Amino acid sequence: TSMDWLTKEAPIPGNTTRSANGPLGRLLVRVIPRELIESDLRSRSRALLLLRFTIVGAVFTAVFFPYFVFYLKMPFSGWTNGLYGLSLALTPLILRWTRSTSVASHWTLTSAFAVLLFQSVALGGASSLSFPWLVTLPIAGMLLCGTRGGLIWTVIATASIVAVGVTDSLGWLPNAPVRSVTAEGATTVTFASLAVALGCLGWLFETRANTLLRHLERQRQTYHDRSLRDVLTGLANRALLSEYIIQSWERCRRTGPRGALFFIDLNHFKVINDQHGHLAGDQVLLEVALRLKDVVRRSDIAGRIGGDEFGIIMRDCSLEHAEHVAEGLLELFGELRFNWHGKRYAVGASVGLVPLTDPNSSVSNVLSAADAACHAAKDKGGHRVFMFNSNDAELAKRHGHMRWVSRINR
């Protein structure tokens with residue numbers, strides 16, 4: 001049997017930790033709750049976009065505040081911009097408190113909408129400087145809140161633009177300049193149409209982005225499964241099995257010696273594979289995998305080490321139960337018959353058993369002992385289980401301290 005799979009460390013594929021891009025991104029990640037960082041990519045990206053949107057809004061407010069207040073001397077600009085700046089400062093706190101990007105995004109957009117609508121009504125209607133900025137709410141809603149939230153903000157922004165334009169044309173708004181009805185209507189229709197257009201563009205962008213992200217997620221899941229599972233049998237591959245061994249061994253060191261490792265090597269597999277080709281060999285491996293899946297518990301794991309070598313790791317089992325399972329494995333493989341082009345072949349197995357009983361040993365010693373026990377069973381003619389009673393690596397190499405557990409005559 002090959003020993004190249006016996007590693008003390010194995011990669012854990014599928015790690016979702018993603019580094020932020022740039023110093024600003026790394027700084028903003030500290031503000032985002034960990035639940036959002038470790039969830040799907042869309043939540044994390046939207047949280048980062050919200051924080052960047054907040055920074056841009058704060059910069060715009062700080063830049064235009066002196067212009068509106070001291071140069072244009074526009075009424076209400078001082079305290080409305082101050083309140084909006086306060087709402088922007090509260091956005092990161094709301095994000096951390098609610099742990100919801102949607103709630104924080106709606107808070108920010110509602111604050112911006114309230115300020116823009118108030119200034120549009122109080123400072124000249126469709127002629128005010130704040131009125132055109134209402135058209136930015138649909139695209140901001142699409143980017144920050146998704147398609148559903150974006151559609152809501154598209155309706156709100158369009159309805160507000162139409163309402164301000166109509167009331168302005170009727171002369172109901174204070175400080176509104178006198179303009180022709182045609183000009184008032186053209187301005188209202190233009191901005192309302194622009195809001196709808198931006199909302200539609202944002203909707204197209206979001207739906208396309210969601211489609212691409214779902215496709216990427218399916219691809220990522222496929223590669224993740226292939227990195228953890230054997231392509232042919234669907235069992236755990238060497239990397240996952242090695243990692244599971246390390247975790248089980250560490251658990252036994254903490255909670256007590258309860259567990260076992262089974263190293264399984266098929267008998268007569270090479271004969272079938274050489275005489276009838278890899279297709280016949282693959283059919284044997286698939287049948288073996290199906291049987292192993294039926295016998296392992298949900299807390300255990302079965303994997304293909306390579307070729308015709310398989311492994312099973314059982315947690316929380318006594319030595320007596322492990323021996324009983326080992327004898328059951330021999331019976332299971334002793335009953336395995338394979339038909340190929342009218343000929344019937346029997347496929348047995350040799351099993352090496354190592355109880356996880358020595359907390360002072362290492363994972364590599366346990367794996368070496370399992371491999372050596374399986375070698376011993378194979379050297380004695382196969383169809384046997386050998387249990388290794390010591391986890392000393394040197395003894396394992398010499399096949400020492402092993403006990404014959406069971407044998408089935410074929």
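A pocket, as the term is used here, is an open set of grid points where a 1.4 Å probe fits, with protein on both sides within 12 Å along at least five of seven lines. In this predicted model, the largest pocket has a volume of about 610 Å³.

**Confidence of the model**
- The protein chain has a mean pLDDT of 80, and 86% of its residues reach 70 or more.
- Residues 1-19 have a pLDDT below 50, and this stretch makes 40 contacts in the model beyond near neighbours in sequence.
- The pLDDT is also below 50 over residues 391-402, a stretch with 33 contacts beyond near neighbours in sequence.

**Lining of the largest pocket**
- At least two lining residues come from each of the helices α3 (41-71), α4 (77-98), α5 (101-122) and α6 (137-169).
- The most is given by α3, which supplies 7 residues to the lining.
- Sorted by class, the lining holds 16 nonpolar and 7 polar residues, with no charged residues.

**Residue L24**
- L24 lies in helix α1, which spans residues 22-29.
- L24 counts as partly exposed because its relative accessibility is 41%, between the cut-offs of 20% for buried and 50% for exposed.
- Once neighbours within four places in sequence are set aside, L24 is in contact with R52 and I55.
- Between L24 and L48 the C-alpha to C-alpha distance is 9.9 Å, while the two residues are 24 residues apart in sequence.

Key:
Residues are numbered from 1 along each chain as its sequence is written. This is a predicted model: local features need pLDDT of at least 70, side-chain atom pairs count only at pLDDT 80 or more; totals for chains, interfaces and linings use all residues. Side-chain values use heavy atoms; hydrogens and water are left out. pLDDT is the predictor's confidence in each residue, from 0 to 100. Contact means heavy atoms within 4.5 Å. On a 1 Å grid over the protein atoms alone, a cavity is a set of points where a 1.4 Å probe fits but cannot get out, and a pocket is an open set with protein on both sides within 12 Å along at least five of seven lines; lining residues have an atom within 4 Å of a point. Grid points are joined across faces, edges and corners, and a volume is the space filled by probe spheres set on the points. Helices (H or I, at least four residues) and strands (E, at least two) are DSSP runs, numbered from the N terminus. Ala, Val, Leu, Ile, Met, Phe, Trp, Tyr, Cys and Pro count as nonpolar, Asp, Glu, Lys and Arg as charged, and the others, Gly among them, as polar. Buried means under 20% relative accessible area, exposed over 50%, partly exposed in between (1.4 Å probe, protein chains only).
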